[in-house]
Amino acid sequence: MTLDTCVGNLKLETPGMGASGIMDETGKSMARMLSSGAGAAVTKSIGLQPNLGHKNPTFTEVKGGFVNAMGLPNPGIELFKEEMEAAVSAGKVIGSIYGATADDFVILAGKMEDYGAAAVELNLSCPHAKGYGMEIGVDAELVGDIVSAVKSSLTIPVWAKLTPNTHILKELAVAVQDAGGDAIVAINTLKAMVISPEFGRPFLSNKFGGLSGPAVRSVGVRAVYDIRTVVDIPIVGVGGISDWRDATQYIMAGACAFQVGSAIAAKGLKVFESINRDLEEFMRDFGYGAIKDMVGVAHE
Ligand code: DHB
């Protein structure tokens with residue numbers, strides 16, 4: 001019995017990765033994650049220029065999760081080289097990138113490939129960034145153009161991270177597949193708002209943020225299930241996973257691997273070891289020899 005899995009031709013020793021945005025700003029933090037049972041680490045989303053992000057408050061806890069609008073803070077792709085070097089020497093690193101145009105994504109993806117990324121993850125889904133993320137990621141034609149532009153300039157796999165904040169999710173998934181995308185990552189955060197009753201104003205400085213954590217899990221599982229009905233390319237499930245049971249739901253909906261985000265903030269990096277251990281126990285008890293034997297079984 002084995003926990004290894006493949007996302008297309010990328011083999012992972014364990015099926016859980018660190019999701020973009022959590023403990024992934026530095027090479028050292030990604031290296032720690034990779035030695036804590038994660039099969040890969042996904043970087044914070046990196047853009048062309050250094051970006052300070054939004055002013056505080058940028059993050060708050062809510063019932064069932066977190067709402068954040070960090071504003072895509074990052075050092076820019078040139079300075080990120082050093083962090084990538086430290087991370088890739090510890091294991092597989094997926095380079096998450098954000099841009100406003102296909103040309104931006106092509107430049108960023110090329111750098112990530114040069115830095116040793118095992119794949120790139122296109123952030124087409126941040127729910128609150130003007131001109132980026134979901135603003136471009138809900139236009140199927142644009143999504144297809146970006147994926148095919150990046151695909152034709154790279155040799156490493158191209159993954160597209162999609163938003164659940166749309167009624168055309170299936171169309172977007174088909175656009176990714178038709179453009180040659182190697183995998184779909186679903187879901188990013190749900191567009192959200194928290195209001196402070198005392199101040200009578202939205203709590204976050206950006207007003208809008210992204211909801212993550214257990215509250216979004218059933219939306220994510222449904223999204224993966226829906227996507228599986230329209231495409232054959234691999235799906236990576238993400239959203240509210242904190243234990244084996246959550247991870248297994250995504251796998252049975254159609255994902256061949258998964259990512260953990262908020263649960264790292266809530267429980268620390270030990271979450272990977274506990275998911276791996278409990279998932280193995282479940283698989284042994286229920287006669288599954290490999291992750292691939294569970295992928296999509298909920299459709300049968
Ligand atoms: C941010 C980016 C995201 O993709 C997301 O889902 C939530 C927040 C950010 O940096 O603000």
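Me: What makes Lys28 and Arg32 of α1 count as exposed?
Reply: In this predicted model, local features need pLDDT of at least 70, side-chain atom pairs count only at pLDDT 80 or more, and totals for chains, interfaces and linings use all residues. Residues are numbered from 1 along each chain as its sequence is written, and side-chain values use heavy atoms, with hydrogens and water left out. Exposed means over 50% relative accessible area, buried under 20%, and partly exposed in between (1.4 Å probe, protein chains only). Lys28 and Arg32 are exposed, hence over 50%.

Me: Why are the buried residues of α1 said to line one face of the helix?
Reply: Gly27, Ser29, Met30, Met33 and Leu34 are buried in α1 (residues 27–34). Their directions, taken from the helix axis to the C-beta atoms, fall within an arc of 165 degrees, so these residues line one face.

Me: What makes the placement of Lys191 relative to Phe208 a charge over a ring?
Reply: The definition requires NZ of Lys or CZ of Arg within 6 Å of the ring centre and within 35 degrees of the ring normal. The charged end of Lys191 lies 4.6 Å from the centre of the Phe208 ring and sits over that ring.

Definitions and conventions:
Helix = DSSP H or I, 4+ residues; strand = E, 2+ residues; numbered from the N terminus.
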